[in-house]
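Please read these notes with the sequence and the model open beside them. They take the chains in turn and then the contact between them.

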Amino acid sequence: MEVILALIIAVLTASGIFLTLKARTYPVVLGLTMLAYAVNLFLFAMGRLHLNMAPIIQKDITHYADPLPQALVLTAIVISFGMTAFVIVLSLKARSEMGNDHVDGKGGN
Amino acid sequence: MHIAILPILIPLISGFITLFAKPFGLKVQRALAVASLLVILLFALLGLVYVLEYNYITYQLGNWDAPFGISLVLDRLSALMVLVTTILAIGAIWYAINNNIDKEGEHFHVLFLLQIFGINGAFLTGDLFNLFVFFEILLLASYSLLLHGQGKDRTKAGLHYVVINLVGSTLFLFAVGILYGVLGTLNIADLAYKISQLSSNDTTIVAVAGLLLLLVFGLKAAMFPLYLWLPAAYSKTSAPVAALFAIMTKVGIYAIIRVHGTLFGSKAGELSHYYTPWLLNIGLITLIMATFGVMSAQNFKLQVSYLVLASVSLLLTSVGINTVESLSGTIYYIIHSTLLAGGMFLVADVISRSRGKFGDSLVRAPTFKNAIFVGSIYFIFAIALAGIPPLSGFFGKMMILYGALGHIQQGLIYTIILLSSLLIIISLVKTGSTIFYDTDTQSDALPSATTQSTFYPIIFLMSFAFLMVIFANPLSEFNVATSMQLFDSQSYIDAILGMKEGDI
């Protein structure tokens, strides 16, 4: 389970970085989204991976899943949603004002 | 004591009240914004008075004991930073109101107050994840403020600024994740305590997380090689926003002092102050690049942006020197450079508007009405920012250089700082003579584009260059006590965790 999750995070991060370095706003936005997914999974995994464990304290249970990273991830997801929405609107605005979707506003292909 | 949360709550609440006050017109919004800033100023002063008496004021949100809940910490440095932010914000909003810059788009005052909310939160929080959240708040407000008033150049600079900060946020979360995974806590005091107990197997990974955090804070503070967004963003946005942004880079510096200084302080064993050589050398490189930027800038606003960069890199260097003297010099220089660089952006705007179609580009242009008055103000600001006696910049630089005495890289530090000061002085002299002396005498003087009220906020910010010199002695005593408090990370841990005395 750990290996699969680590690989998923690695692939997401790598593709995120690759896309962020592109010169068009659309791939950049996609790259940022992928980076956000990767970091959310990473934060989630920091509570260690467990199966069938209670997150809330009860009398007869000794092993718990850590609930804090889940709360952190929730916050991070909300923030990254907001930021993605903002950057999409901004790149649309840039597209209409500069006449093309190059990040430096340069024309051509 | 609720004093620790008031500088966060007041701008948040008044920000939303200002949003809903829109139907009542801009006048009401202006009054609300100014009134709430004055209230924050009152509480910032009160907070400083309390801190002088009690040293630490902690506030546990929801009454959850640290390290389980989120702690807010008001100590000497955070109280001072909140005060400086408020003073700068008053100057900036005063200028925006007097020159109708807030009419260029909607909701200027709402965004402005939310920006203050984010900045004050970042200064007051004692929790790493909460710091991330406040960073996002201040960034989102700054994105909107940066783009406020529209324009093609602003959109382009804004896009770069947003994308690089989003990448920075992702890195921040990676670092937070690593620290939580290894240490199991995110409270800064508790992190420092856990790092002092760290087993040697885990030191490398914590060191990696610490350097990732340094990268993130360095991005906010615009350190080499992550500074390229700063000149573009700051020179393109409107003057009061650029002035307010003078504090934003200092948020990065503050975060380095707070987080790294506490986490990797003298108790951290192997990791004790391991980040300082990085800071010192990167700071020196940034200073060189900033000096080149100041020398090569083709227009004045860009030059001021590079001056902000130069002051930031000096601060990075002096945090990297890491002595009590250099840190107290850092604090003095933070106050000076925030207020004066903010004021310089306003001066740049006055010059740019006065010169009509020539704007702020450094070319020969006809002179303008009241050029002598504007020139005198420019002269004072230039003296202060370049660090020539008798104004505050000189004292700040002197304190930092004094702190560098006896450092292993003393020669290098002195050479680079003094050479860059010289080159900045020459560039500012050249700028001043291009704008005010070497004018096109053939054509008539341009009509005045400013009113008397334009200059009130500028003179307000300028007065601190004098006040900081007149009150240099009590101020530097305060700064020395502050930096001793910062070096004493044990008392920070005790104040927040409220136990574990003698455990380390």
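1. In this predicted model, buried residues make up 60% of the 504 residues in chain B. A residue counts as buried here if 20 or more other C-beta atoms lie within 10 Å of its own.

2. Chain B is built from 20 helices and 2 strands. Its radius of gyration is 22 Å, close to the 23 Å that the globule rule gives for 504 residues, so chain B is as compact as a globular protein of that length. Along the principal axes, the C-alpha atoms of chain B fill a box of roughly 75 × 60 × 40 Å. Of the contacts in chain B with a separation of 6 or more, 80% are between residues 24 or more positions apart.

3. Helix α14(B), residues 324-354, has 31 residues and reaches 45 Å from its first C-alpha to its last, close to the 45 Å expected at 1.5 Å a residue. Because 28 of its 31 residues are buried, α14(B) is largely enclosed by the rest of the structure. After α14(B) comes B:G356, with a positive phi near 60°.

4. Helix α9(B) covers residues 229-236; 6 of its 8 residues are buried, so this helix too is largely enclosed by the rest of the structure. The buried residues are B:L230, B:P231, B:A233, B:Y234, B:S235 and B:K236. What do the buried residues of α9(B) pack against? Their partners in chain B are α5 (128-147), α6 (152-183), α10 (239-245), α12 (276-296) and α13 (300-321).

5. Chain A has 3 helices and 0 strands, in the order α-α-α along the sequence. The radius of gyration of chain A is 19 Å, well over the 13 Å that the globule rule gives for 109 residues, so chain A is more spread out than a compact globule. Its C-alpha trace spans about 65 × 25 × 15 Å along the principal axes. Buried residues amount to 28% of the 109 residues of chain A. Among contacts in chain A between residues at least 6 apart in sequence, 51% join residues at least 24 apart.

6. Finally, the contact between the chains: chain A supplies 26 residues and chain B supplies 20 residues. On the side of chain A that touches chain B, the elements giving two or more residues are α2 (25-45) and α3 (68-98) of chain A. The largest share of that side, 15 residues, belongs to α3(A). Sorted by class, the side of chain A that touches chain B holds 19 nonpolar, 5 polar and 2 charged residues.

Terms used:
Residues are numbered from 1 along each chain as its sequence is written. Chains are lettered from A and ligands numbered from 1 in the order in which they are written. This is a predicted model: local features need pLDDT of at least 70, side-chain atom pairs count only at pLDDT 80 or more; totals for chains, interfaces and linings use all residues. Two residues are in contact if their C-beta atoms, placed from the backbone, lie within 7 Å. Helices (H or I, at least four residues) and strands (E, at least two) are DSSP runs, numbered from the N terminus. Ala, Val, Leu, Ile, Met, Phe, Trp, Tyr, Cys and Pro count as nonpolar, Asp, Glu, Lys and Arg as charged, and the others, Gly among them, as polar. The radius of gyration is taken over C-alpha atoms; the globule rule is 2.2 Å times the number of residues to the power 0.38. A residue is buried if 20 or more other C-beta atoms lie within 10 Å of its own, exposed if 12 or fewer, and partly exposed in between; C-beta atoms are placed from the backbone. The expected span of a helix is 1.5 Å times one less than its number of residues.
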